[in-house]
2 protein chains.
Amino acid sequence: MIDDNERRFMDEAIMEARIGADEGGIPIGAVLVIDDKIVGRGHNQRVQRNSVILHAEMDCLESAGRLSSSEYRRATPYTTLSPCDMCSGAVLLYGIPCVVIGENQNFRGPEEYLRERGVTTVVLNHADCIEMMRQFIKENPSLWNEDIGG
Amino acid sequence: MIDDNERRFMDEAIMEARIGADEGGIPIGAVLVIDDKIVGRGHNQRVQRNSVILHAEMDCLESAGRLSSSEYRRATPYTTLSPCDMCSGAVLLYGIPCVVIGENQNFRGPEEYLRERGVTTVVLNHADCIEMMRQFIKENPSLWNEDIGG
């Protein structure tokens with residue numbers, strides 16, 4: 001059961017993913033929410049900026065700027081795809097308590113490790129996220145592998 | 001016992017840290033080495049670029065550009081300070097097999113977890129690295145805390 005906030009903010013993350021796709025990039029998007037407001041947004045920039053670190057969650061954290069510890073502790077990233085080791089590590093670094101994940105069917109990062117470290121993970125398995133990634137991976141297997149270090 | 005390569009490449013990482021310090025930034029530096037050649041270098045950019053993701057290791061990985069999986073699997077980052085959760089996560093994402101760490105006395109990231117995931121960690125506890133960080137933390141405690149999500 002997806003609640004209204006989860007739906008609303010995941011829709012914004014999906015919008016970011018679609019912007020990325022329109023730019024010719026990998027369709028993964030994220031928004032960062034604090035106190036029910038979006039304070040950062042971003043999408044994967046591997047193709048657009050030849051970046052190896054700007055996954056959607058990283059681009060989103062960077063766009064939110066330098067936040068205080070108490071802000072990070074009220075922050076929730078909404079991301080269209082299960083966060084990889086790097087993005088999960090960024091969540092741990094900043095003590096972010098909860099991550100909302102669009103889907104983990106096409107890729108699953110270290111969600112169990114996040115939970116062991118005290119992070120709540122909410123996995124929506126949203127049909128639009130699943131289909132968007134499935135299609136992209138099918139059509140761009142080598143680019144996808146590059147993005148996940150495969 | 002530090003071997004010649006470890007000393008040479010760590011000296012380059014320390015040089016990066018000193019460039020960062022000269023810019024008014026946090027003095028942490030890194031270089032990425034493949035087949036005995038430096039292919040990327042960087043330093044913490046929190047102050048200089050208001051970045052929350054450009055830790056030294058991330059700046060260094062980004063500067064190396066989009067590498068192939070087989071290149072990452074021959075790559076060794078040399079970093080002046082024990083990698084945090086985010087930077088350790090980037091190492092895991094790309095399947096980097098070994099990290100050489102200048103020191104872990106002033107800060108220790110998830111080194112045990114890296115080892116559990118199959119990454120070799122070499123900790124030099126190099127006197128210059130320890131002293132550089134000790135001095136910086138003493139003089140800039142709040143900036144330092146911000147950088148490690150404290």
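Is Arg66(B) buried, exposed or partly exposed? Keep that residue in mind while you orient yourself in this model, which is predicted, and select Arg66(B) now: Arg66(B) is partly exposed, with a relative accessible area of 32%.

**Stop 1**

Glu146(A) is itself partly exposed, its relative accessible area being 22%. Next, select Arg66(A) together with Glu146(B), which also form a salt bridge, here with the closest N and O atoms 2.7 Å apart.

**Stop 2: the whole interface**

Now colour the two chains separately and show the residues at their contact, to which chain B contributes 33 residues and chain A contributes 33 residues. The area buried between chain B and chain A is about 2,800 Å², and carbon and sulfur atoms give 55% of it. Four salt bridges are found across this interface, and the count of residue pairs in polar contact between chain B and chain A, with both residues at pLDDT 80 or more, is 24.

To see which parts of chain B face chain A, select helix H2 (56–64), helix H3 (69–72), helix H4 (85–93) and helix H7 (141–147) of chain B, the elements that each give two or more residues to that side. H4(B) gives the most, with six residues on the side of chain B that touches chain A. If you colour that side by residue class, you will see 17 nonpolar, eight polar and eight charged residues.

**Stop 3: the relation between the copies**

**Stop 4: Asp147(A) and its surroundings**

Return to chain A and select Asp147(A), which is found in helix H7 and is buried, with a relative accessible area of 2%. Show what lies around Asp147(A), leaving aside its neighbours within four places in sequence, and the contacts are Ile26(A), Ile28(A), Asn44(A), Arg46(A), His55(A), Leu93(B) and Tyr94(B).

One of these contacts, Arg46(A), forms a salt bridge with Asp147(A), the closest N and O atoms being 2.5 Å apart. The pair links distant parts of the chain, since Arg46(A) lies in the loop between strand S2 (37–43) and helix H2 (56–64) of chain A, 101 residues from Asp147(A) in helix H7. Both Asp147(A) and Arg46(A) are buried.

Now put the residues of this stop and the opening one on screen together: Arg46(A), Glu146(A), Asp147(A) and Arg66(B) are linked in a network of salt bridges.

**Stop 5: the corresponding pair in chain B**

Select Arg46(B) and Asp147(B), which form a salt bridge with their closest N and O atoms 2.5 Å apart. Arg46(B) lies in the loop between strand S2 (37–43) and H2 of chain B, while Asp147(B) lies in helix H7 of chain B, so the pair ties together parts that are 101 residues apart in sequence. Both Arg46(B) and Asp147(B) are buried. If you then wish to display every such pair, a search of the whole structure finds 20 salt bridges over all chains.

**Stop 6**

Move to His126(A), in the loop between strand S5 (120–123) and helix H6 (127–139) of chain A; at 13% relative accessibility, His126(A) counts as buried. A polar atom of the side chain of His126(A) lies 3.1 Å from the backbone nitrogen of Asp128(A). Not counting residues up to four places away in sequence, His126(A) touches Met10(A), Asp11(A), Ile14(A) and Gly102(A).

Finally, follow helix H6 of chain A to Gln135(A), which counts as partly exposed at 28% relative accessibility. Select Asn106(A) as well, and the C-alpha to C-alpha distance between Gln135(A) and Asn106(A) is 10 Å, across a separation of 29 residues in sequence.

Conventions:
Residues numbered from 1 in each chain as written. Chains lettered and ligands numbered in written order. Predicted model: local features only at pLDDT ≥ 70, side-chain atom pairs only at ≥ 80, totals over all residues. Heavy atoms only, no water. Contact = heavy atoms within 4.5 Å. Buried area = accessible area lost by both parts, 1.4 Å probe. Salt bridge = Lys/Arg side-chain N within 4 Å of Asp/Glu carboxyl O. Polar contact = N/O pair within 3.5 Å; in protein donor to acceptor, adjacent residues only side chain to side chain. Helix = DSSP H or I, 4+ residues; strand = E, 2+ residues; numbered from the N terminus. Nonpolar A, V, L, I, M, F, W, Y, C, P; charged D, E, K, R; others polar. Buried < 20%, exposed > 50% of the residue type's maximum accessible area, 1.4 Å probe, protein only.
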